[in-house]
Amino acid sequence: PSQEYFKFGLPYETQQQKYIVPSIHGINHCEKIIQGEIRKVNINTRLAYTSKEEEFVNKLFYSIYVKEGEGEVIIIDWQPIEQAYNENYFIIKTNELVPYTYHIAIKYIYGMEEHIFKDLNEFTILEKKENIQLLN
């Protein structure tokens, strides 16, 4: 049709912005982890209100922070999430963290908009204790 000839810039019919929700696997919510463990944490990004429709996001970041009263103290500021062929992940080396309760936040940039999801997961680092052998 002739109306197709004079469309410039954005598509004639604007598409609805997709709302994407990240989820975390590799550390259970409220899990207690012994200091010194190394954990691989996977991030899935899916369309909201769906269970299996995953959406690729190429600008993913994570942050780890603690809560102090009403405020937050950033322990690891925004770091890029590694992207492999079929997964998004980051590594947590717990020997670098002191025993405390930590929270994970995920940030992504999609469609020139920045979205931040705080408190996606909470985990506690426990102090590593040396094995004590009882003598008989």
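A residue is called buried when its relative accessible area is under 20%, exposed when this area is over 50%, and partly exposed in between, as found with a 1.4 Å probe on protein chains only. The model is predicted, so that local features need pLDDT of at least 70 and side-chain atom pairs count only at pLDDT 80 or more, whereas totals for chains, interfaces and linings use all residues. Residues are numbered from 1 along each chain as its sequence is written, and side-chain values use heavy atoms, with hydrogens and water left out.

The structure holds six salt bridges, a salt bridge being a side-chain nitrogen of Lys or Arg within 4 Å of a carboxyl oxygen of Asp or Glu. In one of them, Lys107 and Glu114 meet through their side chains at 3.8 Å, N to O; Lys107 is buried, with a relative accessible area of 12%, while Glu114 is partly exposed at 49%.

Glu37 is partly exposed, its relative accessible area being 29%, whereas Arg39 counts as buried at 16% relative accessibility. Arg39 touches Gly26, Ile27, Glu31, Ile33, Phe90, Ile91 and Ile92, residues up to four places away in sequence not being counted, where contact means heavy atoms within 4.5 Å.

A further salt bridge pairs Lys118 with Glu72, whose closest N and O atoms are 2.7 Å apart. Lys118 is partly exposed at 45% relative accessibility, and Glu72 is likewise partly exposed, at 39%.
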